[in-house]
Amino acid sequence: MSVKIFGKGKAVARQRRHMRLRKKISGTAECPRLVVFRSNRHMEAQLVDDTKGVTLASASTMTKDFQDFKGTKVEAAKKVGSLIAERAKKAGISKVVFDRGGNMFHGRVAAVAEGAREGGLEL
């Protein structure tokens, strides 16, 4: 995984941090990778088995579950974490590896992790 990322700016720096993280983190069927994607408006979380290259479960603020949601973005991120934990339990998954996607473990990214822990996932 030796991808060269050139340039300046926040997005390039985030990509560089993410590639540095991905060298060390990999998900399996027993312990998948909990991938978090953060945009300015939405949060997405996926459970990925890297050995097969498949997504086992996902949750996002863009689904119908959040159509009537009233609250802050941090509260929505926490709900995404609890939804992904619920879907992981249905899939028989209890332990995951957290992939923050090059973002700081702070704010909405930390809220997803907190919601997943409260939902019963072991990070």
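**View 1. Antiparallel pairing of strands E1 and E2 in the predicted model.** Strand E1, spanning residues 33–38, runs antiparallel to E2, and the two are joined by six bridges. Within this pairing, Val-36 lies opposite Ala-45 of E2.

**View 2. Pairing of strand E2 with strand E3.** E2 also pairs with E3 (residues 54–60), again in the antiparallel sense and over six bridges. Ala-45, which faces Val-36 on one side, has Ala-59 as its bridge partner in E3. A hairpin is formed here as well, with four residues between E2 and E3. In its turn, Gly-53 adopts a positive phi of about 75°.

**View 3. Burial of strand E2.** E2 comprises residues 43–49 and is mostly covered, five of its seven residues being buried. This strand pairs with E1 and with E3.

**View 4. The largest pocket and its lining.** The volume of the largest pocket is about 300 Å³. Its lining consists of 13 residues; those nearest the centre are Arg-14, Arg-17, Arg-38, Asn-103 and Met-104. By residue class, the lining contains five nonpolar, three polar and five charged residues.

**View 5. Helices contributing to the largest pocket.** Helix H1 (10–22) and helix H3 (108–118) each provide at least two residues of the lining. The greatest contribution comes from H1, which supplies five residues.

Note on methods. Residues are numbered from 1 along each chain as its sequence is written. This is a predicted model: local features need pLDDT of at least 70, side-chain atom pairs count only at pLDDT 80 or more; totals for chains, interfaces and linings use all residues. Side-chain values use heavy atoms; hydrogens and water are left out. On a 1 Å grid over the protein atoms alone, a cavity is a set of points where a 1.4 Å probe fits but cannot get out, and a pocket is an open set with protein on both sides within 12 Å along at least five of seven lines; lining residues have an atom within 4 Å of a point. Grid points are joined across faces, edges and corners, and a volume is the space filled by probe spheres set on the points. Ala, Val, Leu, Ile, Met, Phe, Trp, Tyr, Cys and Pro count as nonpolar, Asp, Glu, Lys and Arg as charged, and the others, Gly among them, as polar. Buried means under 20% relative accessible area, exposed over 50%, partly exposed in between (1.4 Å probe, protein chains only). Two strands pair if DSSP finds at least two bridges between them.
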